[in-house]
Amino acid sequence: MEINHSTWPAGWPSFTPKDNDPADTFQRDLKANIINEYGADSLRAAWIKTCNTLNKVTSRLESQGNSSVPIVQADEVFSSPKILETMREAGCCIIRGVIPRSEASQYFEELKTFLEDNKKVVTGWPAESVAIYHLYSSPVQLKIKTNPRHLQLQRLLNSTWTDSSCSPEQQSTQSEPVLYPDGLRIRHPGQEFLGLGPHIDGGSLSRWADSEYRKTYREIFSGYPERYDPYDMAHRKNANPAMFPGGAQCSVMRAFQGWTALTPCKPGEGGLMLVPEIKSVTAYMILRPFFKAPEDGWTNPGNWEVDEETGWFPGTYRWDSQLLSPASHPHLYLEKTLMSVPDMYPGDTIWWHADMCHAVETTHNGSEPASVCYIPAVPSTPGNVAYIRQHWEDLVAGNPPEDYKYLDGTGSDLVLSQQNERKMKGALSLDKLSAEGRRGLGEVVSP
């Protein structure tokens, strides 16, 4: 199968059948069991439908460019939450003006001061040229994520999901935001960054190996990808995305991943890239491991055969996020559909579905730093609430969050973080946060 990907960044990896490990009987058996459970005919029907749909989707995305990413004003969302329905097909949106621009710009100045005051103890990644800092409860992060407008937006975003396993009252309760701790980024002009090529977070092999996670995609496996609802959390909320522990895994169910901008960032300035379509791209990613490419005519999905011999899951490494490339996922035409998001300004936010393919630009061609705080929208599912209540104890003690206790490595090579954010100069007293904010961070108040 020959694919032209001459425009693909040289530093991003590519995945081919040569990556298959014949000794990995676990993956081979897993694939065989899924084929046996749903039937090769159902998988083939889903494959052909999905690839045919993608023909139209990829053409539209190439034609529309990043105007495919919906943009709304925060005040519009607060006055008419139904406007969020406009982003369901794309699976992403920019919501401008969540934090006033001048306030967000001031936060960036405060962040730089905090980093300078604690430069001897703050670590980051990649170590040789840090862009992502191992900070999860710095004053700026706590102020933004507990801001009333930000909390309300997270609540509204969570409410765009449904849960067919519970009552409307329970769904409303689940929409309450859990303030999952995540890092922050400062990208400097000219700073190359190859570490985040096209990927999908929320686990990799666990999507197939964990039974509850797999049920999330049961309509796809059954031959009816058109019936798949990306916003039903009935099974997803009970899934175990961190089934195979590793530094890239997130233990909670995120409704949307999110960035809050502290600085301006235009396309080409080290920002976010998305494939702004969720339903058919997800179906393709889920089905791709079950088919092997023909020698010729790969664009025709009918020429692909069900792969019942190998355990190869393209771009899938248990401890990592799900990775993608033009060679491994050709019908996505990532060279054309993975696009830089529109201009971002201080105080703007961007949100993307937990199953969305995204990346970070490899170069920063601007003249000023580009900085964001990672703040997702996380619903109050039972598993998420359990995680955040444990986090409150870590937060009070200054310990890294459970998902970030290790700086790097896998298995026995994991490196434990030694940072204590409560002991850092300028750490924000938790008493200064609102009761609503502390509750979102996991505090339990006795009646």
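I began just after helix α2, where G65 takes a positive phi of about 60°. Helices here are DSSP runs of H or I with at least four residues, strands are runs of E with at least two, and both are numbered from the N terminus. I noted that this is a predicted model, in which local features need pLDDT of at least 70 and side-chain atom pairs count only at pLDDT 80 or more, while totals for chains, interfaces and linings use all residues. Residues are numbered from 1 along each chain as its sequence is written, and side-chain values use heavy atoms, with hydrogens and water left out.

**Entry on helix α2.** I looked up the span of α2, which covers residues 40-64, and found that its 25 residues reach 35 Å from the first C-alpha to the last, close to the 36 Å expected at 1.5 Å a residue; the expected span is 1.5 Å times one less than the number of residues. I then asked which residues of α2 are buried, where buried means under 20% relative accessible area, with a 1.4 Å probe and protein chains only. They are L43, A46, W47, T50, C51, L54, V57, T58 and L61. An α-helix has 3.6 residues a turn, so residues three or four places apart point the same way. The buried residues of α2 pack against α1 (25-38), α10 (218-221), α11 (279-287), β9 (291-292), α12 (334-337) and β12 (339-340), a contact being heavy atoms within 4.5 Å.

**Entry on T282.** I moved on to helix α11, which holds T282. Is T282 buried or exposed? T282 counts as buried because its relative accessibility is 1%. Leaving aside residues up to four places away in sequence, T282 touches Y217, Y228 and D355.

Of the 16 residues that line the largest cavity, C265, G271, L272, V341 and M344 are the closest to its centre. The elements β7 (256-261) and β15 (370-374) give two or more residues to this lining. The second largest cavity, with a volume of about 50 Å³, has a lining that includes Y136, S137, H391 and R422.

**Entry on the largest pocket.** I recorded a volume of about 1,100 Å³ for the largest pocket, a pocket being an open set of points with protein on both sides within 12 Å along at least five of seven lines. Its lining has 43 residues, of which W125, I132, L196, G247 and A248 lie nearest its centre. At least two lining residues each come from β4 (132-133), β7, β14 (358-360) and β16 (406-408).

**Entry on the whole chain.** I counted 14 helices and 17 strands in the protein chain. The radius of gyration is 21 Å, close to the 22 Å that the globule rule gives for 447 residues, so the chain is as compact as a globular protein of that length; the radius is taken over C-alpha atoms, and the rule is 2.2 Å times the number of residues to the power 0.38. Buried residues make up 57% of the 447 residues.

Terms used
Buried means under 20% relative accessible area, exposed over 50%, partly exposed in between (1.4 Å probe, protein chains only). On a 1 Å grid over the protein atoms alone, a cavity is a set of points where a 1.4 Å probe fits but cannot get out, and a pocket is an open set with protein on both sides within 12 Å along at least five of seven lines; lining residues have an atom within 4 Å of a point. Grid points are joined across faces, edges and corners, and a volume is the space filled by probe spheres set on the points.
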